[in-house]
Every structure is written in structure tokens, then in C-alpha cells.
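Hello,

Here is the structure for your files. My notes follow below it.

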There are 2 protein chains.
Amino acid sequence: MVSREREQGSAQAAEGPFWLGIDLGGTNIKSGVVDDQGHPLSSVCRPTEAEKGPAVGLINLAEAGRQAVAEAGLTLDQIAGVGLGSPGLMDIHAGLLIDPPNLPGWTNLPIRRLLEEKLGRPTAFQNDANAAAFGEFWVGAGREVESLVLFTLGTGVGCGIIDNGRLIEGRHSHGAECGHIIIQMEGGREWPPGYFGRLEAYASATALVKRAVEALDRDRNLTTSLRTLLAQDNLSSRTIFEAADAGDALAKRLVRETARYLAVGAVNLMHTIDPDMVLFAGGMIAAGPSFLEQIRADIREMAFPIPARATRIEYAALGVDAGFIGAAGWARFKFKP
Amino acid sequence: MVSREREQGSAQAAEGPFWLGIDLGGTNIKSGVVDDQGHPLSSVCRPTEAEKGPAVGLINLAEAGRQAVAEAGLTLDQIAGVGLGSPGLMDIHAGLLIDPPNLPGWTNLPIRRLLEEKLGRPTAFQNDANAAAFGEFWVGAGREVESLVLFTLGTGVGCGIIDNGRLIEGRHSHGAECGHIIIQMEGGREWPPGYFGRLEAYASATALVKRAVEALDRDRNLTTSLRTLLAQDNLSSRTIFEAADAGDALAKRLVRETARYLAVGAVNLMHTIDPDMVLFAGGMIAAGPSFLEQIRADIREMAFPIPARATRIEYAALGVDAGFIGAAGWARFKFKP
């Protein structure tokens, strides 16, 4: 079952129906209106102010939506549907935030209904990583395929899965929580606290920085530009990738290992979902084609020959807009007549 | 989308349509006719004679089918459809065996079409582990749920996945090859040759025996009934489980570790598919409720709280008949008007 229509021909003047996507994050809310072909007509970013609690947060969510509509030169009654993407813990079908770690205090909040009441438009709800995968599937790097897996690398490792045109949400809204598959069951790194050997403990941007600090601690005589970066409070996944590009040996090793961990994650999904395509998104993709080539090489070594040969391994295409585009696409999927 | 009809009320005299299921294995072919409610009306087992090549094998396949039909008191023209389940390597959609390790020489064989020609009935084709999962979903332990994962423990670790009523076949027929997810990426056991740290290398019946032999080799002074079993050429997963039940310390440890490995596999699928239910099938399930309880305890420790609490962890219900019942159910799914 394919749930999208592909864009035909060249871009034309935007025509309705129009879809509003809102991507709720712990720090910022991103929103935008897209047309029925997935072209963004506006793009807004404003603070979540999560610490002020859900009442203020909901005002900010609605305001982000209204701004995006205004910036697109539209009014709310021209919006066919609203899609809201949010981090977990959640009940997707109930439209309920249960206890999201990045939104402390936003507990047992019927956020889908509350936002629908504020904006007065039909509102769909989805996990943010699932929404991003749906966006890539609809109009991004996966627009030509039927099945894909998206890994989003940041503070954690997010994941979304489309199998034959259908999002795998899971029966308890824990589908595609693939940052939390166990890839090192014995002697594995601990993260989140109390859990061991999970992909996220190795492959997130945060984990890369942590591994760098550990390496610096382990060998205090090692000469590396990462030590300077740490002293300057400037050690991040981005600066580690830059140091690797500049030839720093430790940075190169850390980056190489990161590619390996991501390849392990990809292989596990290739031997479970067997998609057409595995995509990587997030800050790390600024590392460019050589990093992707390292991931591909490791996948070729570890996956069965047929998927190793046939599965496309690519960077995602929609960048930071994937969240709201995907949320808008999800609303379209839910509400388009 | 739910693709089955549930059995209503009490069993009644079998009514058509009737479905023939054939489960092709490297050693034996199992076949049987089931009615439209999934009740087996016959059950046949005969040698594959795989070593004599595909021409002889196909004769045996067709003969197993005819025997099952005759034993059910039917004729072939009363069979609405035939389902064939087979081990891989395969192309499910093309009905093609590519290069199955357990059927050496059965290479690039259009087995679905050839069997259809021999029996003259519409024939559907499926991976054997997928078919078994479909059988459990249709009329087995999963008949009340929408999503399930089945692990079948034997020479290897087979797997089948149903997500919201749909079998995950994969885009290159490598869906649900979860015996080959990587659970120990560093320092992992090698199996199959050239591949490291895969679930199958730890959790199959074969792997259990191998781990027992290694333990005996490592400590030649260790007193254990497993040493006697090895000397008697009687060391198998079954006898190891029996020794554990009888209190043998090494056997108990090996069995406990096996439960742990299976729990890791289950958790990884719970964080990917998030099904209603994870099922275990194969010889090991003779180990009984205490083994299942060990698996459950480890899952509760390693999975996220919500799926840990909500996901049912059970043994499969259809036993060795799951293969042909599932294949028959797959034919029903494909051909039922």
C-alpha cells in the first residue's frame, strides 16, 4: 500500500490543500505549511519554553502554527489538517504525551486534542522520528522507494521505519525505537542509566563526544587537537568530525568507530525490515560523503550479500525541515479525502 | 489490516474451501490439508532426498501433497490453493529458490511454478519461518493479536514477523532474518563463518551444544553429567535441558545464558516492531515454563517499561505442524476470494 502521491513534473504555483506541520522539541518548536506536493511555503522556529510547563508550551505550539500559516500568506481556515510531531514517551493513537524526558512535567497530556481545540483544525499526532521518516518517504530521499529506515543522530539516536508504505508505530508506541536495540550485550556501555550496550550509547552525537573525553582521559600524554578543543569547551560531534578531516589521528579513529556502530544498527534493520533504503540524518551528516562511504563499507562486510548489494545507504534529504514536513505529510495521510 | 477470520464457536464438520500446506525442509517434507478454520485434516512426513537434486525433490514435494490430500479423504480438485514454505536463500515474490544452504544444488529454481504445474492448483510461496509465524497468527498462539514476532530455535534461529496483520517479507526477501541481528559487535562468536556476534551464534540449539563442548574443554576437571553425555555421543539441546532440570550446575548455567540471549533478541524486536506478543518455538520449548520465566525476567530487565509490561512472551502453539498450517494459511490469504 503506497500512501503518497508522487510529485509530477515541475514545480507550479502552490495549490491547496495545504497542510500545517509542527515539530515539537525540548528546546524549539519548528513549524511550516506545505502544499499538497510537500513543498514548504513557510518555516518558523520559536522557543518551546518547556520548563514553563505544558500550558505555556501549548500556547507556543499554537502560536508557532499560526505564524507559519501567516508567513505562508494563508489563514487557518485554508489549512486542511495539522500534523504534530513530538518526542516520547507517548501513546500515539491516543494523542497523549505520557512522560517525555525532554519535556519534564508534560505528563499524561492529551496534546493532540488540546492543540486541535486551540487551532480549530483536524490534528494528527505522531512520534517525531516517525514523522521525519514519513517526510523522507513522502518527498525526501525516499520518495522513490516503498520501504525505508531513517536513523536521526543527535542527543540520542532516533529512528523511523516505513515498511511497504506503512509506518511501523508499534502496538505500544515503541515501534522503531532502534536507538535502543542491544548491539553489545556483554560489557556494553551504560546508557540510558540502567541499560547496557544499546546503539544510542555508541552512535549518538553525545556518545561520540563522551568517547572522545574518555580517550583523552585514558592517555593523558596523547597529542591531539581534541584536547585543545576540550580545554576551549568546544568539543562537539561537529568539531570532532572537522578534526578528523584535518587529519587528527584520534578524531579519525573515533569517527571510524562511529561509522562502524551505525553500520551495525543498519545491518540489524536490514536483517529485520529489509528496506529499500537506510537513511542517516542529523548533524553528523555534515561529515560528508567519506563518512557515508565508511558506513557503506562496514555494511557490505556485515550484512548478507543480497541486502548488502541491493540496499541503498544514503543521507536524508530534508534536513531540519524533515520534522515539520513529515508531520504535515502525516496529517495529509490521515485527513486527505 | 487483519487478514484472517477468527474461528467462531465450536468445531464443526470440516467444510471447504480446503487448503494444502507443504513445509519443505532439508531432511523432511511435512504436509497437510487444513480447513478454512485452520484445523488440520491430515499430516504427512516424508524424506526430501535433497541430495538427489531438485527433480527428485519436486517429485517428493508433489507426492507429499497428494498423500496429504488423500489422507484427508479429498481429491486435488477440492483443494482451493497450495502453500509452499521453504528455507532460503530465495526470492519470495518470484517464487524462486536462489541458493538454500540446506538444499545444496537447488539453485535458481522456480519452485513455486514447478510445483504448481505438478499439482495443477494455484500455489503460493513463502519463507518457512514466515509461514510458521503466519500460522501462529492465523490459528495459533497469536490468533487474538494483530502483531507478533516468532523465534524458531533449531539448527539456526528462524524468525517471522507480523505487523498489524501483515507479514514483513522485506524488499529483498530478507525480512525477519533476525537470527542474524548483531547482539555482540565486539568480541562476538563467529557464525556463520565470516560473520560475528549474531543472535544465531548464541541462541540456537546448535550453539547451546557448542557452548557446552567449549565449557567442557575449558575446564577438564569439572564434574558434570554433560561430560558423560558427550562421551556417549548424546549431548544435545534436549539432554542439556534435562541435565539442567536434574540440577547439573553447568547445564543450568548454559540454559540460563540461553534464556538471556533469547531475551536480547526479543528486546531488540520489541524496540523495533513493538508487537503484541513474542513467541518461541522449536525443540527448546520442551524445557517448559521455568525456561520461559527466565526469558521473561531478562526481558523485564532490559526492555523499556511499557513494552516490558505489555508484551506477552509465550511459547508457540502449533508445534511441528506450524510450517504446513502456516503455508496453507498463506495460500488462503493469497487465494481466498
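The contact draws 50 residues from chain B and 50 residues from chain A. Keep in mind that this is a predicted model. About 4,300 Å² is buried between chain B and chain A. Carbon and sulfur atoms give 56% of that area. On the side of chain B, three residues stand out: B:Arg171, B:His172 and B:Met185 supply 17% of the area that chain B buries against chain A, more than any other three residues.

Now the polar side of the interface. The rule finds 30 residue pairs in polar contact across it, both at pLDDT 80 or more. Four elements of chain B give two or more residues to the side that touches chain A: β9 (157–163), α8 (249–270), α9 (289–302) and α10 (305–310). The largest share, six residues, comes from α8(B). By type, the residues on that side of chain B divide into 26 nonpolar, 13 polar and 11 charged.

The rule also finds four salt bridges between chain B and chain A. One of them joins the side chains of B:Arg166 and A:Asp163, at 3.7 Å from N to O. Within chain A, A:Asp163 also has a place in the sheet: it stands opposite A:Arg166 in β10(A).

That sheet is worth a look. In chain A, five strands form an open sheet in the order β10-β9-β8-β11-β12, with mixed pairing. β10 (166–167) and β12 (312–315) of chain A stand at the edges with a single partner strand each, so one side of each is left without a neighbour in the sheet. Two bridges join β9 (residues 157–163) of chain A to β10(A), and these strands run antiparallel.

Four bridges join strand β11 (residues 277–282) of chain B to β12(B), and the two run parallel. B:Val278 stands opposite B:Ile313 in β12(B). Strand β12 (residues 312–315) of chain B has two faces. B:Ile313 and B:Tyr315 make up the covered face, while B:Arg312 and B:Glu314 make up the uncovered one.

Is A:Asp276 buried or exposed? It is buried: its relative accessible area is 13%, so it falls under the 20% cut-off. What does the side chain of A:Asp276 meet in chain B? A polar contact of 2.9 Å joins it to the side chain of B:Arg171. In its own chain, a polar atom of the A:Asp276 side chain lies 3.1 Å from the backbone nitrogen of A:Glu146. Leaving aside neighbours within four places in sequence, A:Asp276 is in contact with residues of both chains, including A:Val145, A:Ser147, A:Arg312 and B:His172.

B:Arg211 is buried, with a relative accessible area of 3%. Its side chain makes a polar contact of 2.5 Å with the side chain of B:Thr258. Another, of 3.3 Å, joins it to the side chain of B:Glu257. Beyond four places in sequence, the contacts of B:Arg211 also include B:Arg189, B:Tyr202, B:Leu254 and B:Tyr261.

Best regards

Conventions: Residues numbered from 1 in each chain as written. Chains lettered and ligands numbered in written order. Predicted model: local features only at pLDDT ≥ 70, side-chain atom pairs only at ≥ 80, totals over all residues. Heavy atoms only, no water. Contact = heavy atoms within 4.5 Å. Buried area = accessible area lost by both parts, 1.4 Å probe. Polar contact = N/O pair within 3.5 Å; in protein donor to acceptor, adjacent residues only side chain to side chain. Nonpolar A, V, L, I, M, F, W, Y, C, P; charged D, E, K, R; others polar. Buried < 20%, exposed > 50% of the residue type's maximum accessible area, 1.4 Å probe, protein only. Pairing = 2+ DSSP bridges.
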